[in-house]
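Here is a short briefing on one structure.

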Amino acid sequence: MPLNTQTGYFSDNYLLRLDRVTHFFDQRLVFKDVSLLIEPRTVTLVAGPNGAGKTTLMNIMSGLISPSKGLVEHKVPRDKMAFLGHNTFVYSGLSALDNLKFWAKVYYRRLDDDECMQLLSLVGLKAFAHEKAGFFSRGMSQRLSLARVLMLRPDFLLLDEPGTGLDPDSRKLLREKITQSAQGGAAVVWVSHTLEEDLDLADKIIFLENKKQAFYGTTRDFSSRHQGKGFEH
Amino acid sequence: MTSKDLKLIFSDGSGIIQPILLGLILVFVFSLSTPIGEEVSAQAAASIFWLATSFALILVFNTLYSIEETNQARTGLLLSPMPLQHVWISKAFTGLILLLLAQLFFFPAIIVFLGQENVADWWALLGVILLVDWGLVAVGSLLGAVSQGHASRDSLLSVVIFPLLIPLLLAGIRMGAHLLGGADDESLSSWAGIAFSFGAVFTGAAIILFPFVYNEY
């Protein structure tokens, strides 16, 4: 059974394990000795001030980049992992429906038009299914991106500040669908800049500060440690 | 991916109109270099045809790979379970379709503006065009990926691609000159062999190297 060396936390039921991960950009240290375990049915918040390395950590967790040092162990296949970030992966010259059908093919999912329409309906875009995504607002593009993620039915969901620039309704929809994904058994890792708002959704939190893992544990422990102090992020 | 790329290219049109226009202007300008009534040699005509094709190649692959940069769809492809070689193959195939489309305009222009009417064998000419185009798109699809993602690399494609293409273009020019009614060339099969080897080598290299090139993040 693997041991998370930073926290002394034992588990064999995990989808992703990072052990003493250190990353440099050229010679500049981004963070060092980050260790964590991501388990199914959990929501983990990644927090910290600007430049703490949250997005870099997400890129390492997703497998986009390899860390300079340390171990990254993935147990989840690529077709069961989804990513939702500032970038929507939306092709602006294609309709919402065509965008969804394209990503379904890339992930080897067989989806007919009716199923695609159902997904678009879930995110409130059914009426815009045949409109070019280039005419969509930021919020609509992000909703389309959310439909792509829901279509994948992921076991492991990475969210890099997906709520940025969204109106309250879209943010609410996003939180609702993410909660449903976690309840459905997915592990969710979520970069958050609105800790007070998102903390109640999460089970665990990793806080990056001063180029290191300042905190990793349950949100309850984190809240009690920071009670009355407020969060700097 | 090919149907998606073609849909995007034809929906705004600029991705194919620019290379066609550039090639046609090139053919037209070269036609002005000879006195009225005088015929351009078959070798010069073949050179102009492949030069126009090379410029079209650069524009086509810059456009094809820039599609994935909008909203960082490339990241989505990198995270997907799809082998990255599929991206290379799809882009190469789309590039081939667009290049052939551009050549559909270049060839009549060569006949009209450069007076090349004595085509020896149309089927052989089509074979030569396809053979040389295979090598062109194999290199174009590999290097097109290198030039994307960084503004400083925008000019890289044209800088790197032309020296690499020299043997293939020479083969295309010699075979083209022969088929446009130029002098008999006994070494024609050797040039065809060079073009075939070029295509095969770069196809093999691209299949191995493409994931490393495209995965740079």
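Where does Y108(A) lie? Y108(A) sits in the loop between helix 2 (96-106) and helix 3 (113-122) of chain A. The model is predicted.

**Positive phi**

- Most residues other than glycine have a negative phi.
- Y108(A) has a phi near 55 degrees, a positive value in a residue other than glycine.
- Y108(A) counts as exposed because it has 10 C-beta neighbours inside 10 Å, and the cut-off for exposed is 12 or fewer.
- D33(A) also has a positive phi, near 55 degrees, and is a residue other than glycine.
- D33(A) belongs to strand 4 (residues 28-38) of chain A.
- D33(A) has 16 C-beta neighbours inside 10 Å, so it counts as partly exposed.

**Contact between the chains**

- Chain B places 18 residues in contact with 19 residues of chain A.
- On the chain B side, helix 1 (2-12) and helix 4 (73-79) are the elements that give two or more residues.
- Helix 4 of chain B supplies the largest share of that side, six residues.
- The chain B side that touches chain A divides into eight nonpolar, seven polar and three charged residues.

**Largest nonpolar core**

- The largest nonpolar core holds 134 residues.
- Helix 3 (residues 42-66) of chain B gives the largest share of this core, 14 residues.
- Domain 1 (1-76 + 186-233) and domain 2 (77-154) of chain A each contribute at least three residues to the core.
- A147(A) and V188(A) have the most contacts inside the core.
- Leaving aside neighbours within four places in sequence, A147(A) is in contact with L100(A), L119(A), L120(A), L122(A), V123(A) and L125(A).

Definitions and conventions. Residues are numbered from 1 along each chain as its sequence is written. Chains are lettered from A and ligands numbered from 1 in the order in which they are written. This is a predicted model: local features need pLDDT of at least 70, side-chain atom pairs count only at pLDDT 80 or more; totals for chains, interfaces and linings use all residues. Two residues are in contact if their C-beta atoms, placed from the backbone, lie within 7 Å. Helices (H or I, at least four residues) and strands (E, at least two) are DSSP runs, numbered from the N terminus. Ala, Val, Leu, Ile, Met, Phe, Trp, Tyr, Cys and Pro count as nonpolar, Asp, Glu, Lys and Arg as charged, and the others, Gly among them, as polar. A nonpolar core is a set of buried Ala, Val, Leu, Ile, Met, Phe, Trp, Tyr and Cys residues joined through C-beta atoms within 7 Å. A residue is buried if 20 or more other C-beta atoms lie within 10 Å of its own, exposed if 12 or fewer, and partly exposed in between; C-beta atoms are placed from the backbone. Domain bounds come from an automatic or database domain assignment.
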